[in-house]
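Student: I would like to go through the labels used for this model. Please set each one against its cut-off.

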Amino acid sequence: MTEMQATTSAATGGTPGRVVLVTGATRGIGKTIAETFIAAGDTVATLYRGGDLPDGVHGYVADVTDSAAIDAAFTAIEKDHGPVEVLVANAGITRDTLLMRMTDDDFDAVLDVNLRGVFRCIRRASTGMIRKRTGRIILIGSVVGLYGGAGQVNYSATKAALVGMARSITRELGARSITANVVAPGFVETEMTAVLPEDTQKQYKSAIPAGRFASTGEIAGVVHFLASDAASYISGAVIPVDGGLGMGH
Ligand code: NDP
């Protein structure tokens, strides 16, 4: 670890040098989360489907819809770096359309990545965490999990389900120093929101008390905090990072 990394880590209160797995770290929020942990001195791996990786991220090809590929990737990570101590389940997709037009395939595809994919990764990560009697599980939910979103019956159902998942894990594994929390972003400045027409962006922003979208760094900072020593007694929580959009829900 370099001196700079050690200083950054001390400043943010993390325990440097852990093995952190961020699913879907090729772009967007996952990429910034991976970069944040690397800057703090942690070893970061990702399960990804191919393409470019951010500097310093160790890539393991696995689709989160494939249990066997996930198992093989975890086995390789454990061999190369040691057991995963922090799991950030970030990979997610949307297939937005109005309820009447939503096909079974639209529904199942989103469930398979956003819900079953998260379950598969947690199940595999938990074996090492239970053995080590420590672990941090951070699930990337969404404001629409509790607030709802027109055209997002499939997506919002998966994000709401993550809350039950984190809370059940908390009850099951809490006594072994394993925490499980949901970070629920609102609108975030990513490729997805950048392509929205200016008028639509304006309309969304007018509904957000903060009056703007979040940067990916504002999500990553909260994820990093939840993995830090300072958050050791936070579990089963839903932490909104939405500029106030979903408050009261
Ligand atoms: P992006 O679409 O930019 O990135 C998603 C990542 O997930 C990519 O790396 C993608 O890989 C990966 N991924 C998708 N499907 C799979 C799969 N089957 N197996 C493995 N990896 C997969 O998303 P964002 O950064 O915008 O979102 C990240 C998370 O934050 C998601 O869970 C999303 O629901 C949530 N979120 C996002 C918000 C936003 O405004 N952007 C708001 C609230 C929540 P590939 O390159 O192979 O497709």
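Student: Why is Ser177 called partly exposed?

Tutor: First, the ground rules. This is a predicted model, where local features need pLDDT of at least 70, side-chain atom pairs count only at pLDDT 80 or more, and totals for chains, interfaces and linings use all residues. Residues are numbered from 1 along each chain as its sequence is written, and side-chain values use heavy atoms, with hydrogens and water left out. Now Ser177: its relative accessible area is 44%. Buried means under 20%, exposed over 50%, and partly exposed in between (1.4 Å probe, protein chains only). So Ser177 is partly exposed.

Student: What makes the backbone of Ser177 stand out?

Tutor: Ser177 is not a glycine, yet has a positive phi of about 60°. Ser177 is in the loop between α6 (153–173) and β6. Helices (H or I, at least four residues) and strands (E, at least two) are DSSP runs, numbered from the N terminus.

Student: Why is Arg133 called partly exposed?

Tutor: Its relative accessible area is 49%, and the label covers values between 20% and 50%. Arg133 also has a positive phi, of about 55°, although it is not a glycine. Its place is the loop between α4 and β5 (135–140).

Student: How do you know that Phe187 and Tyr204 are stacked?

Tutor: Rings of Phe, Tyr and Trp (its six-membered ring) pair if their centres lie within 6.5 Å; planes under 30 degrees apart count as stacked, over 60 as edge-to-face and the rest as tilted. Phe187 and Tyr204 are 4.5 Å centre to centre, with 20° between the planes. The pair is stacked. Phe187 is in the loop between β6 (178–185) and α7 (191–194), and Tyr204 is in helix α8 (residues 198–207), 17 residues apart.

Student: Why is the pair of Phe187 and Phe213 called stacked?

Tutor: The ring centres are 5.3 Å apart and the planes are at 25°, so this pair is stacked. Phe213 lies in the loop between α8 and α9 (216–226), 26 residues from Phe187. Ring pairs join Phe187, Tyr204 and Phe213 into a cluster.

Student: Is Phe213 buried or exposed?

Tutor: Phe213 has a relative accessible area of 2%, so it is buried. Phe187, at 24%, is partly exposed.

Student: What sits over the ring of Phe213?

Tutor: The charged end of Lys205, 4.7 Å from the ring centre. The label requires NZ of Lys or CZ of Arg within 6 Å of the ring centre and within 35 degrees of the ring normal.
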